[in-house]
Amino acid sequence: MKKLKFIVSLSLVSSCLFAGNPVNDFVESTLLRNANVSLLVKDAATNQTLYEYRPNSCTTPASTMKLVTTATALELFGADYRFETRLCIAGTITKDSILDGNLIIQGGGDPTLGSEKLGERNFLPQWVTAIKAAGIRKINGRIIADESNFEDQVINPKWTWEDMGNYYAPGIHGISYLDNTFRTVFRSGKIGTTPEILRYEPEVPGLTLENHLKSTSISYDAAYYFGAPNSNFRTIYGQIPSEKAEFVVKGDIPKPALLLAQHLTIQLRENGIDVTEYPSVETLAGVEGTVFYKYYSPKLAEIITETNVKSNNHFAEYLLKLVGSQNASVATTANAISTIRSFWKKRELPVDQLFQYDGSGLSPCDAVSPAFYVDLLTYMRSKSKYSTDFYNSLPVSGGRGTLSTVLVNTRLQGKVHAKSGTIESVKSYAGYVELKNRTLVFAIMVNNPSGTTHEVVKKIEGFLLQITN
């Protein structure tokens with residue numbers, strides 16, 4: 001019997017190597033012939049391999065890396081977990097309702113503070129109400145933003161210079177605020193001229209922007225900020241459309257915790273609570289304050305859905321730091337990656353095929369195999385107590401998120417629940433295909449194709465349609 005099974009298995013594998021097979025048609029196409037391609041498709045119920053090509057080969061995953069980050073965060077902290085930001089008093093409140101001391105914002109790594117993506121955008125009035133309820137009518141001191149919960153290296157060292165300073169790759173500070181994103185509003189003129197800076201939203205005190213933009217005939221945003229972490233100096237290069245009365249380009253807030261402390265100071269003064277000193281950002285590890293108010297984020301399940309559906313890099317990196325806080329007083333990327341590898345190794349996933357350096361997949365150093373992804377997806381479907389939450393966090397073909405334009409008006413519209421990944425010369429997908437009688441688990445990864453991203457997407461669509469025909 002063992003010999004017979006081997007012969008059948010060998011026959012199945014060999015069939016993938018000859019013309020007419022979907023895998024062969026896919027990888028030997030002119031588009032992908034010289035590319036680094038790996039893929040694996042399995043039956044979710046039986047774990048039978050249906051199609052494969054170099055399934056253990058590790059390739060750059062781009063944003064499919066978010067599957068690893070979100071799945072691990074769910075498993076470790078649960079769907080109902082909420083980030084917690086605390087307001088503390090360091091000092092005493094006199095009988096005249098004067099705080100002799102400082103009011104501390106104790107960071108909890110909440111990526112949704114003031115976010116336009118999720119949660120309460122205008123939350124500061126709630127904090128002012130809480131401060132009044134604590135019996136404070138004046139602060140003889142300052143507002144201190146305490147970022148001691150996170151390591152002080154706010155930019156991943158494996159990210160590229162092109163990404164740093166831009167809204168999609170903001171610094172990961174112990175306190176996030178307004179998605180760590182500001183907007184510069186430009187007025188562009190004739191082709192070849194430098195657009196005029198009209199304003200910043202919000203105003204970032206001390207921000208200096210050296211403008212090297214050009215107005216051109218393009219119709220989209222091709223502008224990039226460049227700047228070091230925690231520096232108020234930014235340069236901007238690239239192009240925006242000409243003859244626009246207003247055109248917005250987003251960048252990262254250099255010091256979001258300080259901006260939050262500044263805004264809270266302003267709100268308090270506008271509500272009759274004087275604050276005598278300027279706000280600051282400090283690391284207060286080991287300094288105890290009296291907690292009088294706790295502010296909670298939306299549930300982790302909601303944050304993970306935003307992360308995967310919209311491919312939110314900012315949220316993904318904060319989820320990585322959440323994992324990095326496991327059994328640690330200070331959240332670090334190194335601890336997060338170690339925790340992830342240990343967690344999935346115990347569940348017998350091939351972690352030797354996982355090379356993770358960040359939470360979002362922005363780093364070109366990241367590498368993952370289809371085999372790891374398929375095992376992860378299979379585990380989350382069949383063994384995780386948070387299976388439904390994870391599944392519901394995924395984009396849907398022809399429906400929502402980054403798959404909204406994929407497989408539209410085909411029989412697989414609404415049938416593919418998967419995460420996509422896209423950076424320069426990379427396109428990948430990993431997820432589930434829901435068929436009438438069974439579910440497929442798949443990962444398809446393409447690096448360095450001989451064509452455009454659009455052409456690769458169409459090729460992958462064709463492959464999925466062919467194998468489900």
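Q: Hi! Which strand does threonine 184 lie in?
A: Threonine 184 belongs to strand β7, which covers residues 181–187. Keep in mind that this is a predicted model.

Q: Thanks. Is threonine 184 buried or exposed?
A: Threonine 184 counts as buried, because its relative accessibility is 0% and the cut-off for buried is under 20%.

Q: What does threonine 184 touch?
A: Leaving out residues up to four places away in sequence, threonine 184 touches Ile197, Arg199, Tyr200, Leu209, Tyr225, Phe247, Val248 and Val249.

Q: And which side chain joins that of threonine 184 in a polar contact?
A: That would be tyrosine 225, and the polar contact between the two side chains is 2.8 Å.

Q: Let's switch to β4. Which strand forms a hairpin with β4?
A: Strand β3 does, with four residues between the two strands. β3 spans residues 84–93 and β4 spans residues 98–106. In the turn, serine 97 has a positive phi of about 65°.

Q: Do β3 and β4 pair in the parallel or antiparallel sense?
A: Antiparallel, over eight bridges. As one example, threonine 92 has aspartate 100 in β4 as its bridge partner.

Q: What about β4 and β5, parallel or antiparallel?
A: β4 and β5 (residues 138–140) pair in the parallel sense, over three bridges. Leucine 99 stands opposite isoleucine 139 of β5.

Q: Which helix goes with β4 and β5 in a β-α-β unit?
A: Helix α4, residues 124–133, and the unit is right-handed.

Q: How many bridges link β4 and β6?
A: Four, with β4 and β6 (residues 143–146) paired in the parallel sense. Isoleucine 104 has isoleucine 144 in β6 as its bridge partner.

Q: New topic: how many residues does the largest nonpolar core have?
A: The largest nonpolar core has 44 residues, and Trp344, Phe372 and Tyr373 have the most contacts inside it. Several elements supply at least two residues each, among them α3 (65–77), α8 (333–346), β19 (426–434) and β20 (439–447).

Q: Which helix gives the most to this core?
A: α9 does, with eight residues. α9 covers residues 370–382.

Q: What does tryptophan 344 touch?
A: Not counting residues up to four places away in sequence, tryptophan 344 touches Ala71, Thr72, Glu75, Leu349, Val351, Phe372, Leu376, Tyr379 and Met380.

Q: Which residues are in the other core, the one of 43 residues?
A: That core lies apart from the largest one, and its residues include Ile136, Ile139, Phe182 and Val275.

Note on methods:
Residues numbered from 1 in each chain as written. Predicted model: local features only at pLDDT ≥ 70, side-chain atom pairs only at ≥ 80, totals over all residues. Heavy atoms only, no water. Pairing = 2+ DSSP bridges. Right-handed = clockwise from strand over helix to strand, strands pointing away. Core = buried A, V, L, I, M, F, W, Y, C linked by side-chain atoms within 4.5 Å. Buried < 20%, exposed > 50% of the residue type's maximum accessible area, 1.4 Å probe, protein only. Contact = heavy atoms within 4.5 Å. Polar contact = N/O pair within 3.5 Å; in protein donor to acceptor, adjacent residues only side chain to side chain.
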